[in-house]
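Please examine the sequence and the three-dimensional model shown below.

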Amino acid sequence: MTERQAADEPTTGLRERKKQRTRDALLRVALELFTTRGYEHTTVDEIADAVEVSQRTFFRYFASKEEVAFAVQEMVESRFVAELRTRPARERPFTAMRNAVLCSWNTIGEAIEAVVPVELHMRTYLMIESTPALLAAHLRRSTELEERTARIIADREGLDLDADPRPRIAVAAFTGVMRVTGRLWGQGEDTSMESIRTLTELYLDHLEPALAADWRAPERTPGAPDTHGV
């Protein structure tokens, strides 16, 4: 490394940290305004003015108000997908999804708190579900996440996603549980990460017996004797 490069490193690091602080400030202020004034009654100019930056600066970090509204949710979903991709091949589909979401909850709390208070994330989740202007995007994002997850599961199991319906069925059931627990968590008084993790684990435990079968075992012909236990 040259002396010039060594001298530039601290400057580059400082600049990146300043950019991150600006982005985090815009995100916090936007979510606070969305959840207090309402998403549709908050303008980009109001967000930028509250952080004392220009509208142009806002658009350097976010393409739209919608992108800000889903920014933390995007981070949570990305953590889950990344964790699912690293689950051991020996884990069955449901077990892999269950462990992925519970393991991601172990670290996601700190990641959220580094950007916004968890309580604000909870209020944002409820705001999204009650805002007509965001519902279409919420549904689209949920559908895209389900499809991405189903493809990961199909690849893990060596299945053709378009020919075998089981990955999509399993993922639909799994994400249904996640939606229910997310809504219940948002309506409760305990907004801690431990609370959502415990609630999620409880509900998934009730779903697991139905989805934890070994898909790699040969399918039994209806009416034929079950010899798996022999």
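In this predicted model, helix H7, which spans residues 118–129, crosses helix H9, which spans residues 166–187, at roughly 115°. The axes of these two helices come within 9 Å, and the crossing of H7 and H9 is left-handed. On the H7 side, the contact is formed by Val-118, His-121, Met-122, Tyr-125, Leu-126 and Glu-129. H9 contributes Arg-179, Gly-182, Arg-183, Trp-185 and Gly-186. Sorted by class, the residues of this contact comprise five nonpolar, three polar and three charged.

From H5, the residues Gln-73, Glu-74, Glu-77, Phe-80, Val-81, Leu-84 and Arg-85 take part in the contact. Their partners in H8 are His-138, Arg-141, Leu-145, Arg-148, Thr-149, Ile-152, Ile-153 and Arg-156. The contact of H5 with H8 contains six nonpolar, three polar and six charged residues.

Finally, a database record describes one part of the chain. An unreviewed UniProt entry places the feature "DNA-binding region" at residues 43–62. In the model, this span is 75% helix and 0% strand, and the C-alpha atoms at the ends of residues 43–62 lie 13 Å apart.

Definitions and conventions. Residues are numbered from 1 along each chain as its sequence is written. This is a predicted model: local features need pLDDT of at least 70, side-chain atom pairs count only at pLDDT 80 or more; totals for chains, interfaces and linings use all residues. Side-chain values use heavy atoms; hydrogens and water are left out. UniProt positions are given in the numbering used here, feature names are shortened, and annotations may be inferred rather than shown by experiment. Helices (H or I, at least four residues) and strands (E, at least two) are DSSP runs, numbered from the N terminus. Contact means heavy atoms within 4.5 Å. Ala, Val, Leu, Ile, Met, Phe, Trp, Tyr, Cys and Pro count as nonpolar, Asp, Glu, Lys and Arg as charged, and the others, Gly among them, as polar. Axes are lines fitted to C-alpha atoms, for helices over the stretch in contact, and angles run from 0 to 180 degrees between N-to-C directions. A crossing is left-handed if the near helix is turned anticlockwise from the far one by less than a right angle, and right-handed if clockwise.
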